[in-house]
Amino acid sequence: MAAVLLAMMIPLTACMNEQAPDNTRKAGMNKQVTLSLRHTQIKETTKTRLQILENVVKKTEDENPGLTFQLEGIDEIVNRDQKLKAEMIAGNPPDIFEVFGGSDLNLYVKAGRMLDLTPIIDELGIRDKFASLDEFTIDGKVYGLPYGGYSEAIFYNKDIFNELQIAIPKTWNELLAAADRIKAAGYTPFGLAAKDGWVNGMLWNTIMERNVGIDALNKVVTGETKWTDPDFIRGFKNYAELVNNDYFTKGALGLPYTDQGAQLLSGKAAMVFTGTWDASRFTGEEAGSMQGKIGYFAFPSIPGGKGDQTSINASYSNGFGFSANMDPDQIEAAKTFIANFYTEAVQKETLVKAQVLPSMKLSDLSGIDPLTAEILQVMSSATSSWKAYDSIVTPAVGSDINIGLQELIGKVNTPEAVAQEIQKSQDKANASH
């Protein structure tokens with residue numbers, strides 16, 4: 001993917017100068033402008049987020065006669081791994097689209113496909129209102145805007161923990177002891193649905209960070225560290241220990257992601273390691289009698305690990321990108337969308353109604369539900385945060401990591417062998433840059 005996109009790079013300086021926002025244009029001009037907008041809010045659990053997006057689109061259309069948005073909903077995995085990549089290669093992405101920051105965005109920027117949003121957010125005065133634009137910033141320029149943040153840690157069934165008199169684990173050994181007690185009581189310690197490889201990467205990512213530290217993870221792309229180094233091997237072994245102790249759901253490799261949260265809500269699983277984007281499931285109608293009985297705690301420390309033992313995987317990597325193909329009128333229309341979507345009011349509504357952590361700084365946190373309050377407390381207690389592995393490595397390496405984890409879950413490969421295969425993939429990726 002990197003080779004194809006880089007090969008298609010073209011000088012866009014003159015083109016981008018022509019497309020720079022004309023600050024003399026005023027919102028509300030009667031121009032016939034159409035913008036395509038692709039989102040991934042197609043699931044039952046994201047219907048509130050879709051409604052908020054649709055409300056912003058309608059407001060923007062009402063304020064700008066002649067402006068029409070064409071919304072397209074698509075599965076997030078299909079969008080990220082298939083459709084958007086193909087469109088970027090062909091040079092015909094939608095005008096506005098959901099995109100991941102980090103390694104994905106880097107490829108698209110190098111290929112000249114992304115609109116530089118720096119002058120727009122400076123004009124609108126919102127650059128400093130974001131919690132972090134790091135994953136969308138390349139060489140000082142901003143090429144996307146996060147619509148929410150996330151953290152990844154352990155959601156748990158408070159009733160089961162109370163029944164078994166289990167305290168929140170603070171160390172790896174305490175976590176193993178808790179899992180043994182949960183398993184002996186007939187529950188699944190960790191609910192897991194491993195059919196989609198990225199799901200397995202969440203828990204593994206935190207275990208690996210505890211062992212090696214985020215600096216070492218970042219350095220795999222420069223060759224300064226290797227997946228086969230002793231500390232990395234220990235990370236793979238720790239993950240395999242959870243597998244070999246049968247702490248995960250039986251038959252997990254055949255289960256789709258949606259089943260993972262269902263295992264927690266049904267009372268079958270005591271814990272799931274997932275992202276805070278699932279909080280809406282655990283507080284909404286689907287939770288039923290489990291409403292108010294789901295908690296959230298940070299992954300415990302691993303003795304001897306070289307990472308920050310009270311850190312958390314938290315970032316702002318999900319956002320909207322904008323095509324460099326847009327003409328000046330479309331760019332001006334897109335600016336009005338940005339002005340309406342990226343406001344404190346919309347961010348607060350998304351936090352309260354959809355439990356999506358805000359990407360912008362909020363002055364008012366009133367009205368949030370108890371689980372969201374727990375999440376924010378866990379995040380504020382973390383000593384540092386770091387971005388996920390698939391924002392560091394190339395998509396190809398990320399895919400091989402996911403495959404390797406599935407091999408560990410299926411007990412068909414060893415930690416050492418999986419590490420060697422991933423390192424081969426990493427070497428290939430590093431050689432191409």
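In this predicted model, the count of aromatic pairs comes to 24. One of them joins Phe 155 and Tyr 296, whose ring centres lie 4.6 Å apart with planes at 50 degrees, so the pair is tilted. Because Phe 155 belongs to strand E6 (residues 145–157) and Tyr 296 to strand E9 (residues 294–297), this pair ties together parts that are 141 residues apart in sequence, and both Phe 155 and Tyr 296 are buried. Trp 204 and Phe 236 form another tilted pair, at 5.8 Å centre to centre and 35 degrees between the planes; since Trp 204 lies in helix H9 (residues 197–212) and Phe 236 in helix H11, parts 32 residues apart in sequence are tied together here.

The 17 residues of H18 (residues 415–431) should span 24 Å at 1.5 Å a residue, which agrees with the 24 Å between its end C-alpha atoms. Its buried residues, including Val 418, Ile 422 and Gln 426, fall within an arc of 165 degrees when seen down the axis of H18, so they line one face of the helix, whereas Lys 424, Lys 428 and Ala 431 are exposed on the other side.

A further buried site is Ser 359, at 0% relative accessibility, in the loop between helix H15 (344–354) and helix H16 (370–381). A polar atom of the Ser 359 side chain lies 2.7 Å from the backbone oxygen of Pro 146, and the contacts of Ser 359 beyond four places in sequence include Phe 130 and Tyr 147, which are among the members of one aromatic cluster with Phe 69, Phe 320 and Phe 337.

How values were computed: Residues numbered from 1 in each chain as written. Predicted model: local features only at pLDDT ≥ 70, side-chain atom pairs only at ≥ 80, totals over all residues. Heavy atoms only, no water. Helix = DSSP H or I, 4+ residues; strand = E, 2+ residues; numbered from the N terminus. Expected span 1.5 Å × (residues − 1). Buried < 20%, exposed > 50% of the residue type's maximum accessible area, 1.4 Å probe, protein only. Arc of directions from axis to C-beta. Polar contact = N/O pair within 3.5 Å; in protein donor to acceptor, adjacent residues only side chain to side chain. Contact = heavy atoms within 4.5 Å. Phe/Tyr/Trp six-rings, centres within 6.5 Å; stacked < 30°, edge-to-face > 60°.
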